[in-house]
Amino acid sequence: MTYPQRMLVENLAWSDEISTRDPAYFQRLANDQRPNVLWIGCSDSRVPEAVTRAMPGEIFVHRNIANLVGEHDDSLASVLEYALVVLRVQHIIVCGHHCCGGVQAALRPPAAALPNVNRRIEPIRRLAALHTTELRLLEDFDERADRLAELNVLAQVQTLHALPLIQDARRAVQIHGWIFSMHDGRLKALTDPQWALGDTADAHEAAG
Ligand SMILES: [Zn+2]
């Protein structure tokens, strides 16, 4: 069985399980979507918005290489417009991650086989140049890339704040910058340090 064939089989099992548990679930899903959040994340297969245990209908999503907010990115602009004007989301989360291939590539010479990726990650190269002093203090390449991934999230949050679409809707929308650590599966709120959760027990308590 190929992986796509397996996906279809798993989907049958998944939809059956949900229908058995909650017979009206898919009817509700068909009627409307009312997501509270727009998630701008990386295309990386290891960091789906499902790491927050979100269910279908809860999060509106845009993902691209290295979770970039391009001022002239038509795809992002249309997602953003729909999220703000039609869905009226209250929060936008830019979620980057450690071990990000896109960010790591921005610290290496451009790869000849990846002209499109090179063009997309150019802003990260410029960001790395802006933060050369801080990044040079980190001797390990992976540490340097992980820090750049965090700086990249903060830069995208800043870019979002300045977009006319956001300026118009500003009062209704909060923008957050998060980073996902591949090593422990935890999300860290870079722009909301007051939301930091303690150990697992505290986290469960806070969530409950
Ligand atoms: Zn990535």
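1. A residue is called buried when its relative accessible area is under 20%, exposed when the value is over 50%, and partly exposed in between. By that definition, Cys 42 and His 97 are both buried. The model under discussion is a predicted one, and the points below should be read with that in mind.

2. Overall architecture. The protein chain contains ten helices and five strands. Its C-alpha trace spans about 55 × 50 × 40 Å along the principal axes. Of the 208 residues in the chain, 36% are buried.

3. Backbone angles. In general, most residues other than glycine have a negative phi. Cys 99, in the loop between β3 and α4 (101-105), has a positive phi near 60°. Arg 88 also has a positive phi, near 55°.

4. Salt bridges. Side chains of opposite charge can pair when their charged atoms come close. The count for this model is eight salt bridges. One of them joins Arg 28 and Asp 22, with an N to O distance of 2.6 Å. Arg 28 is partly exposed at 45% relative accessible area, and Asp 22 is partly exposed at 23%.

5. A bridge with one buried partner. Asp 44 and Arg 46 meet in a salt bridge with an N to O distance of 2.7 Å. Why is Asp 44 classed as buried? Its relative accessibility is 14%, which falls under 20%, so the residue counts as buried. Arg 46, with a value of 42%, is partly exposed.

6. A bridge between distant parts of the chain. The side chains of Glu 49 and Arg 63 form a salt bridge of 3.7 Å, N to O. Glu 49 sits in the loop between β1 and β2 (59-64), whereas Arg 63 is in strand β2, and the two are 14 residues apart. Arg 63 is partly exposed, at 28% relative accessibility. Elsewhere, a network of salt bridges links Glu 134, Arg 147 and Glu 150.

7. Surface patches. Which residues form the negative surface patch? They are Glu 139, Asp 140, Asp 142 and Glu 143. Asp 142 lies in helix α8 (residues 141-162) and is partly exposed, with 45% relative accessibility. A nonpolar surface patch of about 280 Å² is made by Tyr 82, Val 85 and Val 86. Val 85 is placed in helix α3, and its relative accessible area of 53% is over 50%, so Val 85 counts as exposed.

How values were computed. Residues are numbered from 1 along each chain as its sequence is written. This is a predicted model: local features need pLDDT of at least 70, side-chain atom pairs count only at pLDDT 80 or more; totals for chains, interfaces and linings use all residues. Side-chain values use heavy atoms; hydrogens and water are left out. Patches are made of residues with over 30% relative accessible area and no salt bridge: like charges are joined within 9 Å, nonpolar side chains (Val, Leu, Ile, Met, Phe, Trp, Tyr) within 5 Å. Accessible areas come from the Shrake-Rupley method with a 1.4 Å probe; for residues, only the protein chains shown count as cover. A salt bridge is a side-chain nitrogen of Lys or Arg within 4 Å of a carboxyl oxygen of Asp or Glu. Lys and Arg count as positive and Asp and Glu as negative; His and the chain ends are not counted. The place of a charge is taken as NZ of Lys, CZ of Arg, CG of Asp or CD of Glu. Helices (H or I, at least four residues) and strands (E, at least two) are DSSP runs, numbered from the N terminus. Buried means under 20% relative accessible area, exposed over 50%, partly exposed in between (1.4 Å probe, protein chains only).
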